[in-house]
Every structure is written in structure tokens, then in C-alpha cells.
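Good morning, and thank you for making time for this item.

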Protein chains: 4
Amino acid sequence: MLKKQFYNILHSVLVTKFIYGLILINVVALVLETNQELRVDYNSSFEFIEYFSIGIFTMEYLLRIWTADSHNDIKGIFNSKRAGYIFSFYGLVDMIAILPFFLPLIIPFDLRIMRILRLFRLFRILKLGRYSSSFNGIKNVLKETKPQLVITIFIASILLLLSSTLMFYAENEAQPEKFSSISDSLWWAVATLTTVGYGDVYPVTSLGKFLSAFIALIGIGFIALPTGILSSAFIDNLKPMDDSIKRACPHCGKR
Amino acid sequence: MLKKQFYNILHSVLVTKFIYGLILINVVALVLETNQELRVDYNSSFEFIEYFSIGIFTMEYLLRIWTADSHNDIKGIFNSKRAGYIFSFYGLVDMIAILPFFLPLIIPFDLRIMRILRLFRLFRILKLGRYSSSFNGIKNVLKETKPQLVITIFIASILLLLSSTLMFYAENEAQPEKFSSISDSLWWAVATLTTVGYGDVYPVTSLGKFLSAFIALIGIGFIALPTGILSSAFIDNLKPMDDSIKRACPHCGKR
Amino acid sequence: MLKKQFYNILHSVLVTKFIYGLILINVVALVLETNQELRVDYNSSFEFIEYFSIGIFTMEYLLRIWTADSHNDIKGIFNSKRAGYIFSFYGLVDMIAILPFFLPLIIPFDLRIMRILRLFRLFRILKLGRYSSSFNGIKNVLKETKPQLVITIFIASILLLLSSTLMFYAENEAQPEKFSSISDSLWWAVATLTTVGYGDVYPVTSLGKFLSAFIALIGIGFIALPTGILSSAFIDNLKPMDDSIKRACPHCGKR
Amino acid sequence: MLKKQFYNILHSVLVTKFIYGLILINVVALVLETNQELRVDYNSSFEFIEYFSIGIFTMEYLLRIWTADSHNDIKGIFNSKRAGYIFSFYGLVDMIAILPFFLPLIIPFDLRIMRILRLFRLFRILKLGRYSSSFNGIKNVLKETKPQLVITIFIASILLLLSSTLMFYAENEAQPEKFSSISDSLWWAVATLTTVGYGDVYPVTSLGKFLSAFIALIGIGFIALPTGILSSAFIDNLKPMDDSIKRACPHCGKR
């Protein structure tokens, strides 16, 4: 069967590695292309990479749709495995990876939208996710700790709001242009609580400095919270396999 | 019974979500209102949100007092469940959320105090705490590790004092305006130990740089301490429930 | 016996709390005193606190020497519990807390040494350690993880040296005044690896930026290492007490 | 046997400590030598240290090759323990430590290459690794967590790329000289995600600030991930040895 053969070719080690490499080349090209000098000097190379990639990714996308019914992992919707692939996460990623090229050929866009469409090429990087099976460990940990992490985010939001409001009242008079509104002092609050501290905004009044010191110290606890939560989850997730081997059941002696 | 009906309405999913949403709108409005341009342009909208919120929060507060005796969770004081609610944490929060509006109507204040009273609107955010039941996990961990965290804070205080005193003597001559007193160099010490590093104050002498490098390196251990403490507590608190379920022996079914 | 009575007074809750408070007042005074304005305005207050504290601390020191033989915890040396106290850690701390006051009365010093002697007043803060018994948990953890932490420090030293050497060669030409020697670029390396990032020194060349980015990313792992080590040690140290209660011995049934 | 005697001398405590100390002196000299003033003033001292070290390290290298067949730990290749040593990690390190001195005597180099060759003296620090046996604990932990850490690095790369691409489009117009290309905004992304925050590049537009705040907050999770992974691995690696000793039942003596 021709379809089965194409399916096997598409999932062969060679083709997989080739697409994997092409994605990496695309990412590098995308980064280098924004450099004005390089864009002018190597314009034809960038164009070649783009046209070549579009060709390969389009072929890949069409083959994946065609051979979807040979794939066991795909859940069918609307009684169809093909629709199942098209509307799956990686199906959509595969489409978005090529769509920005074909869309302007059908509908004429103005330059503004064209520019945003070019951004979508970035999503090609998400195609890499398909080839990595080890994400699952980290994904499980994040899923398991979701309620605690959500609370942490909620606490962080309240902390950010409270500190930026207080800071606004403390520093507004001394630095009206830097702490002109609470949304402005939110920028300071994020930079302080995350300990980034760019240095573009910082308190100058004594009250502001005292508040800032207090918030920076709390920021350390704020870093400690998600770390503690994730640590405990990783211990849960990475250890059990060892444990089940090591611990003999005290009742029946088997492991 | 009318009271029971009102109690049920107050605790219905719809009313709960409505108040929840209203609090969030209040927080957003509070942030946006401090932006001068927005305050002028959307003055009437901000006023409407404020008056409407005060109306709802006042009604909510009065209803909560009235229906307090239908609530099982409230502990009564002075032989009264109503007094129990009024002096409970969320009872006080509910009052503080509306009081800054009504107080100036009774007693005339000068502008200075009015401004501070406006700050109290911020505490409306604490009303959100009522709707979140998942805080408990994190609260337990913090309560359990309180003695260790207190020691960490104590060690941090000594570190901050020692380093800012030494730094004052090292840098005072070279930068008399930035390290003018120990309380001034405390500001530097906090920015360094928490690794925020705004860049408004930094040592320029060799001795100062050496001290600063030493303190920054200790700062990493200082971040590591609370993280380690919290991690171990989270492991204690989040795991046991799973363990009792999971640890059944797969061979004999016993635990 | 008079000595026993004095011993009991010295270790009574009231006297303990009084000395505890006096130490805190001393620390606050030390910080405030460096503020030029406050020193001029409240000169007599600072002098009163100093003379009063010296009086109390001297009396305390002499009483502790005299009553040392009533104390069970003190290990005697030279066949004497008094010598044991005098040469113990807190005995030396107690002496250093008052010595800088009496020494200039005996030997005349020049101003330079006088200034350093004033610094010794800071060590009064160490007297606080006597009243805290909860340090032990953290002290045990640090002692237990010492070998791993020492290795971390060693790795950090190599990282700092390697990165500052490479950075020196990368940035020396572009910024000869900021990266004038390896010891200068060590200052940059510490600021980057600890993620403090004051912003007084940063790379401007492409190679320097690439190196810096690489080192900053490694810095995260460098923060993660001691945290992970301390976490695991805290779990070891804080849990066992619970464990010993919960876990019945499978052999004899006792806990 | 002469060779055995030399082997024993080479591995004696005295010679080991001497070489250990010489490496440390070399590192300190390397750092100080880059200081222009010191280089001029103490030129002869630096030259003496260099010639003396080269002499010792060359003798050590030759002796190690000669006595390699007396060493049990060395795996032979090409049927030879000597080749096994020469091509082992520390064999190569030992060679690189002296090669930059002898190479220019054989082949004449221009100044540019000479300068890079001088850099190789830095690798003498790696000779220290031979004397530390406690690296193993940390090495095991890193080896064990390699797959998870690799994923973390991969996630970090995607985060860095996504955020710098978005930031490039957000800030390019407002700050064309600082966000001139994606590779330029990568520098910003690293400084933010690692919370270093030098302050040389930061967003000024509202959209840029919003993105930056978002990325800084994610940065905290990004620090938490490797820490959590390493913590759980350390618990696995550092505890078991204690457990088997401690877990004896205090009542019946059995484990």
C-alpha cells in the first residue's frame, strides 16, 4: 500500500532528523534575518531557506493529513482520523507554520498585518515538541502542582498590587515622572519582586526605600515558594520508580 | 423564613461570582484611576464603579450581619453570632472596604487624611481571600516552618547590619553622599543580599568591592536557606495524602 | 549563698529580657549614630546609651566570671570553670563588647585605631546568640552539608576565575578602564554569577555578551546547587522527629 | 626498582601538597599579572613563578608518563598504560598546562596566537580536580538529572527565543539602537530571565514593559525548575547512606 509506505517514510529516523534539523535552521535564520546587515548581504540565502522550508513543511503537512488514518495515536473526531489530526495541537502547529506564506497569496493584506504574519513563522519552533518525549516528566510535575502554583501567582498578584499602590503614594511626589501612576509603579514592583532590578526605576525617599527593602526581602520568599512546591513534586515524580524497586512489601515479601 | 432565604441568596453561586467579579473590577479601576489621563477622560466611569461598588458592598455587609446567626462557621462572642462576624477577620475587612466612603460624610477631614482613607479601598482585595479555600496548604507550610523562617530573618538582619556597618566604614570616604550613614548603606545591603542590584549604589573602592562580592555570594546561600526550609515542609505536607493511597502492595493488596 | 543568688538573678527572666533589650537598643543606636544630623542633635542621648550600656555589660561580664563555677554547662580549662567561661565563645564576645571602651583609657591610641575600635561595638549583637536556642537546627544542617557546600564554593571559584579571565581577554580592548585586569573583571563575574547585576560593569562586545549570557545562565544552576543541597539536608533534619512517631518498627511493633 | 620509587614520591602526601600549592600560586599570579601596575613592578617575580612552574609541571608530566604502568587506575589503550595516561582527561590537562610554553620555541607564532596561547595557562586550574574526591556526589546528581536538566535548557532556549522575538517587534521602533535585531534583544532576554538585570537594556514602551514583566515572572519559575530537579536528586543521593545506618529500631536493634 502506497499510503502505508509514505507513512513509514514520514516516520523514519532519517526524515524525522531531517525535519528536526530544518526547524533548527529556520529558527537560526529567523534570528539572523532581523540583523539589518546580514539581511542585505545574505538576502538570497534567507529566501532560499524560506522557500525550501515552506516546500518541505507543506509536503509534510499534506502527507500527515493523508496518512493520518494509518496512525494509531490519533483520536478521530467527526468520525475521521484526518479531522482528528487537523484539529490536534500539532496539526494546528503544522498549519500555522505554513499558513502565513500562503495566506497573502489569496487575500491581499496591508504591510502592518504582513509584519504580524511573519511573526507566526516563530511557531515553527513548536514543531520540535513532537520529537521530545521527555517533556512528560516536567509536564506531570507542573500539572500536579497547578493548584499550589496558581495560589502562588494569586499571592504574587496581591503582593505586586499592594506594594505598587503603597509605593505610588510614597514616591509620587518625589519622582512624579517615574511613579506617575500605579500601573507605572507596577513596573517597579515586578522588577523588585523578581529581583531583576534594571535600575531604571528605584525609590529615593526614605519611606520608599524602606518599603522597597521590605518587598525585596519578601521577594526572596516569593522565589522560595514555587521552588519548594516544584521540588516536592519532583521528588514525588522522579523517585517512585526507584522506590518500587527498593521497597519490599512487609506483608508478602515481594517487591 | 425571609432571613434564611437572604442567607441562601448571599451564598449562592451567582451572587458569590458577582461579588468576586466586582472586587476584581474595583482593583483594576483603582490601578487605572491613578493614571492622570485616564482619570480625566473616564472620570464618570470611575465614579459610577465607586458608587455602585459601595452600594453593593454596603448591602452585602448589612446582609452578612443580619444573617450571621444562620451561619454555622461563625464563632459567637458576647453571646452573639453577629458580634462574632463583625469582629472576625473578614467582618473587619468588609467594614474597612466601605468605611472610607461613609466616614467623611460624618466627620469632616482635611485633604491629607482623605488621601490616606482612599488607600483603604485597596483592602477590598482581601475580600477575595474568602472565596479561596486552597490557601490552607501554603498557610500550613508557613505556620509549620515559622520557627526556622524566623531564625532565617534573624540571621538576615545580623548579616544586613554587619555588612552595612563594614561597608559604611569602607566606602564612606570615597562616596560620602551615597554611604553617608549605616542606615544609607543598609539600602545597599538589602539590594545586594536579595540580588536585586538596582545599580544606584555600588562600591567603588577595592575593599568595598571585595566586601560586596563576599556578601553577594552569601546572598545566594541566604536565598537557598528559606527555599530549602519551605521545600522540606511542602514535601511533608503535600505527599502524605498520596502516599497512603499509593502505597498498597501490588501483590497482596495490603498497605 | 550570695554567689548563688547573684547567679540566679543573672539568669532570671527579667534580667535576661533586660539585657536582650539593651543589646537591641545598642544596635539601633549604632545605626542611627552614623547619621550626621542625628549625631549632632541627639549627641547626649547616644552618650547616655553608650555609658549606661558599658556599665551594665561590664557588671554582667564581672558577674558572669564570678558566678561561672555555679554554672553546669561551662567546661573548665586550667582546672577552672572561670577560665573556661573567659575563653569560651560567649566569654570572648562579652569581653570584646566592653574592651573598646576601656582600652583607650589605659593605652593612648591615635584616631585611626580608635575608629576601628568603635567598630568592635558591633560585636555586641553576637551576645544575642546566647538567648536563641533554635539556631541549632540550621547549624546542624550547615554542618552536615559542609562537604557539599565547600565543593560548591570551589566550583564557584573556578567558574568565577575562568569567566573573569575569558571576559578580560574579550572586553579589555573595548573597555580598557572597566576590564583593566582579571581582578577587575572578577567584580563583574561575581555581580553576574550571583545575578545581582548592578549595571556598573557589563560587556559591550558581541563575544563578551555571549560569554556573559552563558555565565548568567550557569549562574542559575549555581544558585540551584546549594539550594538543592540545603533542601535535602533540611528534609533529613526536620522530618525524623515526625517519622520516629509515625513509623512503627516492623519487628517488635514499638515505635 | 627506581620507577616504583619515583611513582611513590610522585604520589606522596608532600609532593601532592606541593603541586596543589603551586597550582594555587599559578592561579593567583595569573590574576595579578593582568594588573598593569603589578606587572611592571613585579615582572621578575612573575617570570620566576612561570619558569619555576613550567619546570615542575614538565617534570611531573614526564614522570607521570614514565610511571604510568605502575598505576592501577589507568586503563591502557593501544596495549599501553602510557598511551592510556597521555590520552586520559588529566593527561591532556597536564600537557596543555605546559604546551603553550614549549610550542613557540619550536614554531614561531605571531603575537595574536601568542596571546591566545597564554590563555591556556588558565587550564592549569583543572589539574586541581585530580586531588578532589568529593566532586563525585555532585557529579552523580548532575548525571542522574541530565535528561531533566537538558529539557530545562531546551525550554529556556524556546522561552529566550520567543521573548526576544516578541520584544524585538515591541521595542524596535522606540529603541532602534538597543533592540536592533533579535540577537540584540536576546541579550536583554538573558539578562531578564536570569534576573541579572544589568540595566543597560530595558523596555520603554507599555507593551515592552508588559512583556518584560511577564518574562521576569516566568524567570522565577525557570529558576525554580532546575532547583527542584536538583533538590530531589540530592535527596536521593545524599540520604540513602544515612538511612541504612539510622533506621535501626531503638527497641529491638533490628533495622
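**A buried threonine, and what follows**

I begin with D:T165, which has its place in helix α9 (residues 146-171) of chain D; helices here are DSSP runs of H or I with at least four residues, strands are runs of E with at least two, and both are numbered from the N terminus. Before going further, please note that this is a predicted model, in which local features need pLDDT of at least 70 and side-chain atom pairs count only at pLDDT 80 or more, while totals for chains, interfaces and linings use all residues. Residues are numbered from 1 along each chain as its sequence is written, chains are lettered from A and ligands numbered from 1 in the order in which they are written, and side-chain values use heavy atoms, with hydrogens and water left out.

Is D:T165 buried or exposed? With a relative accessible area of 1%, D:T165 is buried; the term means under 20% relative accessible area, against over 50% for exposed and partly exposed in between, with a 1.4 Å probe and protein chains only. Which residues does D:T165 contact, leaving aside neighbours within four places in sequence? They are A:L119, A:L122 and D:I182, where contact means heavy atoms within 4.5 Å.

I turn to the nonpolar cores, each a set of buried Ala, Val, Leu, Ile, Met, Phe, Trp, Tyr and Cys residues joined through side-chain atoms within 4.5 Å. The largest has 80 residues, and A:W188, B:W188, C:W188 and D:W188 have the most contacts inside it. Beyond four places in sequence, the contacts of B:W188 include B:M167, B:F179, B:Y202 and, from chain C, C:Y198. A second, separate core has 40 residues, among them A:I138, B:V141, C:V141 and D:I229.

B:Y202 also has a charge over its ring: B:K178 lies over the face, at 5.9 Å from the ring centre. In chain D, D:K178 lies over the face of D:Y202, at 5.9 Å from the ring centre. The rule asks for NZ of Lys or CZ of Arg within 6 Å of the ring centre and within 35 degrees of the ring normal.

Next, the aromatic pairs. Rings of Phe, Tyr and Trp (its six-membered ring) pair if their centres lie within 6.5 Å; planes under 30 degrees apart are stacked, over 60 edge-to-face, and the rest tilted. The count by this rule is 48 pairs over all chains. A:F89 and A:Y90 are edge-to-face, because their ring centres are 5.0 Å apart and their planes at 70°. A:F89 is exposed at 52% relative accessible area, whereas A:Y90 is partly exposed at 26%. D:Y61 and D:Y85 have centres 6.2 Å apart and planes at 50°, so that pair is tilted. The pair links distant parts of the chain, 24 residues apart, with D:Y61 in helix α4 (residues 43-66) and D:Y85 in helix α5 (residues 81-86) of chain D. Both D:Y61 and D:Y85 are buried.

Finally, B:R130. This arginine lies in the loop between α7 (111-119) and α8 (135-144) of chain B and is partly exposed, at 22% relative accessible area. Residues up to four places away aside, B:R130 touches B:E60, B:R64, B:Y85, B:Y90 and B:D94. B:Y90 is 40 residues away along the chain, yet 7.4 Å separate the two C-alpha atoms.
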